[in-house]
Amino acid sequence: MYELRAFIRDIDRRIDNAKKDLVETQEELSTDVEVKANMVHDIGEKIGKKLAEAENQGAEGNVEESLKMMEEVEKLKEEKRKAEMDYRNSMPASTYQQQKLRVCEICSAYLGIHDNDRRLADHFGGKLHLGFIKLRDKLAALEKLTEAKAEKRRVEREENRGRTSPERSDRSDRDRERDRDRRNRGGSNRDNDRRDRDQRRRSRSRSRSRNDREERRNSHRSSRDSRRNSRERSRTSETRGSQGRTAATEE
């Protein structure tokens, strides 16, 4: 549907541009003359469409329906002759001879106010014009279907929102209660974890303190033993020296 919509929009832009070109290039008519010219155009389009439809009915074997349409065509032709006469008398002959163009609102083709009925019938019964009619009808049907589906979904959503049963309400209350309990348990667990971390931190601190004291005591004992050993070695040395001197004296 998106590609079809884009295609139709492109044709509509071409139609608008063609209308702007005609406004810039064609001689501007007075409001009264413009109304009469548009009347001739409108009747001519009706004749062309009726002729094309009558031919189509005749080709399909609907002779009576085709003859009825041809009778309507003859009435329209009489209306067109009167409208053309009124249009011709509302302006100079030189201006009337100029072709007054109009853009087809379906396929963007140019139609002239002086086009004969056969030419108009060929246009409105042609494959290009009829093809654009089918495309536009198809797009309108698709857009209508899309809007109907969207409206149906919207109504269903509103009904679902308004159909909140007591069971669903109770279930929601239970869910909220569970969420609160979970949050409370989570907070309690966090407090417990915090206390455990504090206790481990204090335990590690006490362990480090004990280790430091033990190291200091060991260091003190080691220093004391070292001094004692040094004194013992000194006394031993002195004793040996004294004994040596005594032995020398006796000799």
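How many disulfides does a search of the whole structure find? The search finds 0 disulfides, a disulfide being a pair of cysteine sulfur atoms within 2.5 Å. The structure is a predicted model, in which local features need pLDDT of at least 70 and side-chain atom pairs count only at pLDDT 80 or more, while totals for chains, interfaces and linings use all residues. Residues are numbered from 1 along each chain as its sequence is written, and side-chain values use heavy atoms, with hydrogens and water left out.

## Cysteines and the strand loop

The cysteine sulfur closest to that of Cys-104 belongs to Cys-107, and because the separation is 3.7 Å, it is too far for a bond. Cys-107 is accordingly in no disulfide. Cys-104 is buried, at a relative accessible area of 3%, and Cys-107 is buried as well, at 5%. Here buried means under 20% relative accessible area, exposed means over 50%, and partly exposed lies in between, with a 1.4 Å probe and protein chains only.

Ser-108 lies in the loop between strand 1 and strand 2 (110-112). Ser-108 is not a glycine, yet its phi is positive, at about 75°. Most residues other than glycine have a negative phi. Ser-108 is also buried, with a relative accessible area of 13%.

## Overall architecture

The chain contains 7 helices and 2 strands. These are DSSP runs numbered from the N terminus, with helices being H or I of at least four residues and strands being E of at least two. Along the sequence, the elements follow the pattern α-α-α-α-β-β-α-α-α.

Of the 251 residues in the chain, 22% are buried. Contacts (heavy atoms within 4.5 Å) between residues at least 6 apart in sequence join residues at least 24 apart in 68% of cases.

## Pockets and cavity

Rolling a probe the size of a water molecule over the atoms shows where empty space is left. The search uses a 1 Å grid over the protein atoms alone: a cavity is a set of points where a 1.4 Å probe fits but cannot get out, a pocket is an open set with protein on both sides within 12 Å along at least five of seven lines, and lining residues have an atom within 4 Å of a point. Grid points are joined across faces, edges and corners, and a volume is the space filled by probe spheres set on the points. In the classes below, Ala, Val, Leu, Ile, Met, Phe, Trp, Tyr, Cys and Pro count as nonpolar, Asp, Glu, Lys and Arg as charged, and the others, Gly among them, as polar.

| Space | Volume | Lining by class |
|---|---|---|
| Largest pocket | about 420 Å³ | 9 nonpolar, 5 polar and 9 charged residues |
| Second largest pocket | about 250 Å³ | 5 nonpolar, 3 polar and 6 charged residues |
| Largest cavity | about 50 Å³ | 4 nonpolar, 3 polar and 2 charged residues |

The largest pocket is lined by 23 residues, and Leu-22, Glu-34, Asn-38, Leu-101 and Arg-102 lie nearest its centre. Helix 1 (2-25), helix 2 (31-59) and strand 1 (101-103) each supply at least two residues of this lining. The largest share, 5 residues, comes from helix 2.

For the second largest pocket, which has a volume of about 250 Å³, 14 residues form the lining, and Ala-52, Glu-53, Phe-124, Gly-125 and Leu-130 are the closest to its centre. At least two lining residues come from each of helix 2, helix 5 (117-124) and helix 6 (127-162). Helix 2 gives the most to this lining, with 6 residues.

The count of cavities of 30 Å³ or more comes to 1. The largest cavity is lined by Val-40, His-41, Gly-44, Glu-45, Lys-80, Leu-111, Gly-112, Ile-113 and Leu-120. Helix 2 and strand 2 are the elements that give two or more residues to the lining of the largest cavity, and helix 2 gives the most, with 4 residues.

## Asp-117

Asp-117 is placed in helix 5. With a relative accessibility of 18%, Asp-117 counts as buried. Apart from its neighbours within four places in sequence, Asp-117 is in contact with Ile-47, Leu-51, Lys-77 and Lys-80. Lys-80 is also one of the residues that line the largest cavity.
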